[in-house]
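Open the structure in your viewer and keep the selection panel at hand. The stops below say what to select next and what is there.

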Amino acid sequence: MKIFVDQTSKASGHRAAEQGAALILAALKERGEAHIILATGASQFDMLDALVSRQDIDWSKCSVFHLDEYVGLSDDHPASFVGYLNQRFVKRVSNLGHFESINGAESDTQKEIVRLNARLVTRSIDVAFIGIGENGHLAFNDPPADFETDSPYLKLPLDHACRSQQVSEGWFEKLEDVPTEAITMSIPQILKSRAIICTVPDARKAAAVRDAVEGPYGNICPASALQKHASTWLFLDAPAAGQLRKEKLDA
């Protein structure tokens, strides 16, 4: 894992986008297409702003897979992650090749998971853009996470800490409004990506970052799974890196 720290979240997000763009361009040059995963949430604002501004990426040759979505939420809900990605990425790039979104409003959740799994299982992901939750989750894989599943997507319950984070970030007014389940990409599937760009700003994530980087590998801190991925770049602002030992930092 390569770790980079900038003073501000904007600088960190821009550096994450620069590295991710380089990996996308390499995939396009090598194979003529690129498959990427995009996360959502406040942690991705600056990275996505920088990524969509790139004029050197042929987005028509890129396919985007959606990381996670609430069960029971339509894409026009203000907290919908599909709506987030449409607004902050899909509508801002030129002629995107494909966006494989999760239909959280599908009444038959298992049917939607089967559909998503069929779409993803034959694709090789070049770059996964992800974040880390306050409880150490990756996507909506809350602790204790399933490190062994062979399913690309899962339906999982959301724990109290995860749901509280959604309120504190302003996506919902109160805890009772936050859905209790989500469809999420599994940790084994995320780790199949050729490269992972993990962007994590804010002091409230500092303990989770510390546990992911320095703590023991295990499903109590799902983000510790990144320790086993050889091509992971972790981009932090100074507050998010506040609990890391200095010798862990690359720049």
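Select Asp 6 and Arg 15 first: a polar contact of 3.1 Å joins their side chains. A polar contact is a pair of N or O atoms within 3.5 Å; within protein, one must be able to donate a hydrogen and the other to accept it, and residues adjacent in sequence count only if both atoms are side-chain atoms. This is a predicted model, in which local features need pLDDT of at least 70 and side-chain atom pairs count only at pLDDT 80 or more, while totals for chains, interfaces and linings use all residues. Residues are numbered from 1 along each chain as its sequence is written, and side-chain values use heavy atoms, with hydrogens and water left out.

Stay on Asp 6, which lies in strand β1 (residues 2-6). Strands (E, at least two residues) and helices (H or I, at least four) are DSSP runs, numbered from the N terminus. Is Asp 6 buried or exposed? Asp 6 has a relative accessible area of 16%, so it is buried. The cut-offs are under 20% for buried, over 50% for exposed, and partly exposed in between (1.4 Å probe, protein chains only).

Next come the aromatic rings. Rings of Phe, Tyr and Trp (its six-membered ring) pair if their centres lie within 6.5 Å; planes under 30 degrees apart count as stacked, over 60 as edge-to-face and the rest as tilted. By this rule there are 10 aromatic pairs.

Select Phe 45 and Tyr 84, a stacked pair with 6.0 Å centre to centre and 20° between the planes. Phe 45 is in helix α2 (residues 45-52) and Tyr 84 in helix α3 (residues 81-88), so the pair ties together parts that are 39 residues apart in sequence. Phe 45 counts as partly exposed, at 25% relative accessibility, whereas Tyr 84 counts as buried, at 4%.

Now select Trp 59 and Phe 89. Their ring centres are 5.2 Å apart and their planes stand at 90°, so this pair is edge-to-face. Trp 59 sits in the loop between α2 and β3 (62-66), and Phe 89 in the loop between α3 and β5 (98-100), 30 residues apart. Trp 59 counts as buried at 3% relative accessibility, and Phe 89 is buried with a relative accessible area of 0%.

For the last stop, select Tyr 70, Phe 81, Phe 140 and Phe 172, which form one aromatic cluster.
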